[in-house]
Amino acid sequence: MAFVKRGGERRFDGMNCARLLFLVLVLVLAPTSPLSAELLAGVAKVDITDRSVPVNDPCFAKVLALKRGDATAVLVTVDAVAIGGIGRIGDGFLAGLRAALQKDAGIAPSSLVVNASHCHGIVRADLGPLVIDAAKQALKNLVPVRAGTGVGVEKRISENRRLNMKDGSEVDMRRAYSMPRDEDVADVGPIDPQVGVLRLDRADGSPLAVVYQFACHPIMNPPGKGSSADYPGFASKVIEQALGDGAMAFFVQGCGGDINPLRYKETSRPADAEPLGSMLGATVLATAREIETKADAVLNVLNEAVAVPRATDYEKRIAAIEAEQKKLLGALKPTNINFKSFLPLLLEHKMWPEFPSHHAQSYLHDQSLARKPIPQLDADNRAGVEAYLQNIQIMEQLTRLNTNLALLKMHLAQTKAAPKPVIDAEVCGLRVGDFKLVTFPGEVTVQVGLGIKKAAGDPHAFVSGYTNGYIYYTPTAVQRRNTGYAQEDCDSLVAPEWQAVFEKKALDVLRGL
């Protein structure tokens, strides 16, 4: 009741009472503010491995559902090569997942962030319903959580696969073709050793989830070993076993478009992703243990459309490669030897350049008689070896050109069939506490990510490709104009100007979080 005192007498004031009642109703009936609500999280995972093919280790789809007040975000990480475009996951997967969650759980399509690890594991063709069920389960598993963010450093497991050549061009390292000559290499590109870590603890302090973001192609296990989630699968296994309590590890691929596993081209020992994953997992654990989690962390998710320009120079680049092929073919030299005779001759002339074909005694004997057949034989063989070596180098160059020419021709056909000169893509933003993530559907190369993080000036801002779709490689503008023909600039749909468009949008999204 509200009273006023008049002349020593307390009387009921109906107007003040009405105001007080109105204020109480506003406080009781007003929707809960996201700033005052607690952060909730739920996790679930499903095995999506295709067991009809040889399997080295399993592939999973994992779901992290997040809710605070009216804000909801669903992060899905998939051990697969891409979300649509290539591989087993079809182009309709993302739309189907969004439609199901919107219909059955009221989740807005813009709240969904789906990242592919880019491992080359073979997943089930029917994984769509499996991921939908896992997402629904994660939403049912929501519990109050505390959140914290940290940054680790892992320099031991990755290397840049692009080589800066002395002639100003760039080439890349792939198992599809050979390395260039050592004497032609000037420098190598950078890596991003940063590991972004988000830790989520239950109210009792036990770990619920660890999200970790790192940039590197998961391609260390060759196909001959069987389907594999590669190093992220082993890293997550290490993390989950160490944390226990049903904690789940979520790997988010960064800007690994031109980053390979360390010693990817090594031929002296079998390729093995497990040691790399174990090292990354140990780094994540060490980082997570130093993180202090707090209640009531901010939750925000953004999704903005961006149109990046398509490439228009395919015909020009194809013509340049074909001209180079013709030039190289014309440079092949006739030679009297084949590989069977080349190899022993090469060893003889490299090991004993003065007396390659006979003992010194034979040379001296013929010299004393003014005979020159052995020196002439050596000269002929030396010329044959040099010609054969040059032909091998030409073969290696042609292999590189042929492989990348096929990519250019494929994308030329795709571009001609495209309905418009731009590619529509999603730029997603996710914030959980201090952890901020901005994403793009391309295979973003590392310097793009490094540049955005530097411009953002936020130690807890991270950049990921391979998310909410797939539009092939998205290299820097400089890489895209490369005259050396590497996969990142040939297996690409975008014009060089795409980089500026994305960078501006990415920074806008990070600021919006």
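This report describes strand pairing, salt bridges, surface features and backbone geometry in one protein structure.

The structure is a predicted model, in which local features need pLDDT of at least 70, side-chain atom pairs count only at pLDDT 80 or more, and totals for chains, interfaces and linings use all residues. Residues are numbered from 1 along each chain as its sequence is written, and side-chain values use heavy atoms, with hydrogens and water left out.

Helices (H or I, at least four residues) and strands (E, at least two) are DSSP runs, numbered from the N terminus. Burial follows relative accessible area: buried means under 20%, exposed over 50%, and partly exposed in between, with a 1.4 Å probe and protein chains only.

Strand β12 spans residues 194-202, and because 8 of its 9 residues are buried, the strand is largely enclosed by the rest of the structure. Two strands are taken as paired if DSSP finds at least two bridges between them. Strand β7 (residues 143-153) runs antiparallel to β12 and is joined to it by 9 bridges; Arg146 stands opposite Asp201 of β12. Strand β13 (residues 207-214) also pairs with β12 in the antiparallel sense, over 6 bridges, and Ala209 in β13 is the bridge partner of Leu200. β12 and β13 form a hairpin with 4 residues between them, and Gly205 in the turn has a positive phi of about 95°.

## Salt bridges

A salt bridge is here a side-chain nitrogen of Lys or Arg within 4 Å of a carboxyl oxygen of Asp or Glu. The whole structure holds 30 salt bridges. Three of them are listed below.

| Pair | Closest N to O distance |
|---|---|
| Glu426 and Arg98 | 2.7 Å |
| Arg181 and Glu183 | 3.4 Å |

Glu426 forms its salt bridge with Arg98. Glu426 lies in strand β17 (residues 422-432) and Arg98 in helix α2 (residues 93-105), so the pair ties together parts that are 328 residues apart in sequence. Both Glu426 and Arg98 are buried.

Arg162 is buried at 2% relative accessibility, and Asp489 is buried with a relative accessible area of 1%.

Arg181 is partly exposed, at 35% relative accessible area, and Glu183 is partly exposed at 46%. Salt bridges that share partners join Arg161, Arg162, Glu170, Arg317, Glu488 and Asp489 into one network.

Thr474 lies in strand β21 (residues 473-474) and is buried, with a relative accessible area of 0%. Contact means heavy atoms within 4.5 Å. Leaving aside neighbours within four places in sequence, Thr474 is in contact with Phe440, Gly442, Glu443, Val444, Thr445, Val494 and Trp498. With Val444, the side chain of Thr474 reaches the backbone nitrogen at 3.4 Å. A polar contact is a pair of N or O atoms within 3.5 Å; within protein, one must be able to donate a hydrogen and the other to accept it, and residues adjacent in sequence count only if both atoms are side-chain atoms.

## Surface patch and backbone geometry

Phe339, Leu343, Leu347, Met351 and Trp352 make a nonpolar surface patch of about 540 Å². Patches are made of residues with over 30% relative accessible area and no salt bridge; like charges are joined within 9 Å and nonpolar side chains (Val, Leu, Ile, Met, Phe, Trp, Tyr) within 5 Å. Accessible areas come from the Shrake-Rupley method with a 1.4 Å probe, and for residues only the protein chains shown count as cover. Leu343 lies in helix α7 (residues 339-351) and is partly exposed at 38% relative accessibility.

Asp230 has a positive phi of about 60° although it is not a glycine. Asp230 is found in helix α4 (residues 230-243) and is buried at 2% relative accessibility. Asp245, likewise not a glycine, has a positive phi of about 55°. Asp245 lies in the loop between α4 and β14 (248-253) and is exposed at 53% relative accessibility.

His359 is placed in the loop between α7 and α8 (360-368) and is exposed at 67% relative accessibility. The C-alpha atoms of His359 and Arg511 are separated by 77 Å, the two residues being 152 residues apart along the chain.
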